[in-house]
Amino acid sequence: MRNNKRHPEEPQTLGFVTHQSGTSATAHIKAENISATRGGKLLFSDLNLTISAHTKMAVVGENGTGKSTLLKILSGLENPDLGEVASQGTIAFVGQDMALIDHQTVGDLIKLSTQHAHTALADLDRVSELLALGHEGSEAAYAQALEKASALEAWDIDRKIDQALHGLKACTDRSRNLSTLSVGQRYRVRLAVLLGAGADVLLLDEPTNHLDRESIEFLTQSLQELKSGFAVVSHDRQLLVDVAQTFCDLDPSLQGVPQVYSGGYKGWQKGKRKDRIAWEKTYQDHINRTEELKQAVEEAGARLHTGWRPPKGTGKHQRATRAASHVKAFKQRLNELESYRIEVPEPPSILQYPEVRIEKEKLLLEASEIAYLGRSAHGVSLSLRSGQKIVVTGGNGTGKSTLISMLAGELAPTNGSVTVAPEAKIALLSQEMPQWNPELTPEDVYRQSLIQTGTYAEYPDTPTLESLGLLATEARTTHVGQLSAGQQRRLHLAVTIAQRPHVLLLDEPTNHLSMTLLDQLIPHLRGTQSSVVVATHDRYLLSKVSDWQEVHLQ
């Protein structure tokens, strides 16, 4: 199928808005068999997708699977390598990038986004005058213009934009030049304008960037009440749980193409789990068939060497015939084995969390009124016993990371004290990636890190990096410097949990982790005998550990 060679208008500061023929009822984006390759890597192929004015879709997948690329292709900003994209109606795209245009104001953005609505109102006024004058055909023209203005809710569009500006805490001064606003404020203005503009389909790439909790709650409510369709990519998992009815999953599948699941977040989880079971069974069936063929070759080979000898007294002709039949059988089995190909790809590995055994109710760590001058204003006291789980909450700048660093022993408190049991091992998954040698492979980094921490000496049965199920074969043999942020985060997690720490400290652990991996990790954190302290602002993770002891920083 030919590429869809659309040439969209310039994205401008607003993002991307296109006005095409059709009504809101028929508005849609339809992708047929599209494929995309970027940087020599195939992101996805043979993707079929339809987004209508009623679609509420989340686009999910590991880092690097092409989520942002897909939204750009659907918006028309980029073309697929293969396949075709057709669209109808009003489409708005909110990307992560936002270029500045000289002297453009908040009012300019609003005017640009509401142009279609105000044009509809102007057309309605014009045909109303013709109708009043009794012009021929004016009744039909008036009905058509009224239908269009009503569909756009044109009379209410300015109020909706004002409401969105206030709800997202964005600048409401229409005369304000965008260049005088912070990056976060510019993003808020653009998002508010497009939320209120009433496009038929919204494409949102990480819309929660630069939003605080109250603004995210407003965005969530707005998307839930939105009459338009949308597709959203977001690292905010709770947003996807709250607003998405359909999930487009770009991760590898048994079929080799992206999968679409209905039924909201639970439907996606259930469908993906079902597909995983089918994938594992199909793959294992192929492995079993390979083993059967190998066994058949070995048995035929054994008969070739020993089984062809006939009893004494057998004639020469019979001996030759039997030998020939064994040779033929062996060659046939060998040809079957050599021609057999496992066409089903191996399923992606699943996290295998190392078992930790610790004496119950053992006091492992105790902090008394600890604080760090200038970074953590209030003293914090807590004690950690084996199996105890604590979640640290608080706004930005309240000292969550500072507290975790003090508990880990990486930062000495300026006030108070931290006491650690002599035999207690502490491991930290920090926000910052360790400074690994970029020329090493993950296998090298994993082995060296565990040697340095004494893990191999303490646990001779330490799992291999492969057995943890966090990195695919290709990633494990790639230089660390060439890994994506998500892959490096997985390696960091592998090194951390392989130490089987008595105290596991996690600072914003959901950063760069996919929803799939997080769903695998959470039950292990809840079930491990290690003490676990998690510092996070991730709403989805917070909902999953709501029964943990909370230390709230202010």
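1. A pocket is here an open set of points on a 1 Å grid over the protein atoms alone, with protein on both sides within 12 Å along at least five of seven lines, and lining residues have an atom within 4 Å of a point. Grid points are joined across faces, edges and corners, and the volume is the space filled by probe spheres set on the points. The lining of this pocket comprises 49 residues, and H235, D236, N511, H537 and D538 lie nearest its centre. By class, 11 lining residues are nonpolar, 26 polar and 12 charged; Ala, Val, Leu, Ile, Met, Phe, Trp, Tyr, Cys and Pro count as nonpolar, Asp, Glu, Lys and Arg as charged, and the others, Gly among them, as polar. Elements that each supply at least two lining residues include strand 4 (56-60), helix 6 (213-225), helix 16 (515-527) and strand 18 (549-552).

2. The model is a predicted one, in which local features need pLDDT of at least 70 and side-chain atom pairs count only at pLDDT 80 or more, while totals for chains, interfaces and linings use all residues. Residues are numbered from 1 along each chain as its sequence is written, and side-chain values use heavy atoms, with hydrogens and water left out.

3. The protein chain contains 17 helices and 18 strands. Helices (H or I, at least four residues) and strands (E, at least two) are DSSP runs, numbered from the N terminus. Of its 554 residues, 49% count as buried; buried means under 20% relative accessible area, exposed over 50%, and partly exposed in between, with a 1.4 Å probe and protein chains only. Among contacts (heavy atoms within 4.5 Å) with a separation of 6 or more, 73% join residues 24 or more positions apart.

4. Which residues have the most contacts inside the largest nonpolar core? They are V189 and L223, in a core of 80 residues. Helix 5 gives the largest share of this core, 7 residues. A nonpolar core is a set of buried Ala, Val, Leu, Ile, Met, Phe, Trp, Tyr and Cys residues joined through side-chain atoms within 4.5 Å. Neighbours within four places in sequence aside, L223 contacts K56, L195, L204, F230, L239 and V243. A second, separate core of 24 residues includes I29, I34, I73 and V85.

5. One cavity of 30 Å³ or more is present in the structure. A cavity is a set of grid points where a 1.4 Å probe fits but cannot get out. The largest cavity holds about 70 Å³ of space. Among the residues that line it are V94, Y187, R190, D205 and N209. Helix 5 (residues 183-196) contributes the largest share of the lining, 4 residues. The lining of the largest cavity has 5 nonpolar, 3 polar and 4 charged residues.

6. Helix 1 is mostly covered, with 7 of its 9 residues buried. The buried positions are K67, T69, L70, L71, I73, L74 and S75. Just after helix 1, G76 adopts a positive phi of about 95 degrees.

7. R500 is found in the loop between helix 15 and strand 16 (503-507). R500 counts as buried because its relative accessible area is 10%. Its side chain makes a polar contact with the side chain of D461 at 3.3 Å. A polar contact is a pair of N or O atoms within 3.5 Å; within protein, one must be able to donate a hydrogen and the other to accept it, and residues adjacent in sequence count only if both atoms are side-chain atoms. R276, in helix 8 (residues 264-307), has a polar side-chain atom 2.2 Å from the backbone oxygen of P348. Residues up to four places away in sequence aside, R276 touches P347, P348, S349 and I350.

8. Two residues other than glycine have a positive phi. K169, in the loop between helix 4 and helix 5, has a phi near 55 degrees, and it is partly exposed at a relative accessible area of 37%. E369, in strand 11 (residues 363-372), has a phi of about 50 degrees and is partly exposed at 48%. Most residues other than glycine have a negative phi.

9. E153 is found in the loop between helix 3 (138-152) and helix 4 (157-167). E153 is partly exposed because its relative accessibility is 23%. Leaving aside neighbours within four places in sequence, E153 contacts K160 and K227.
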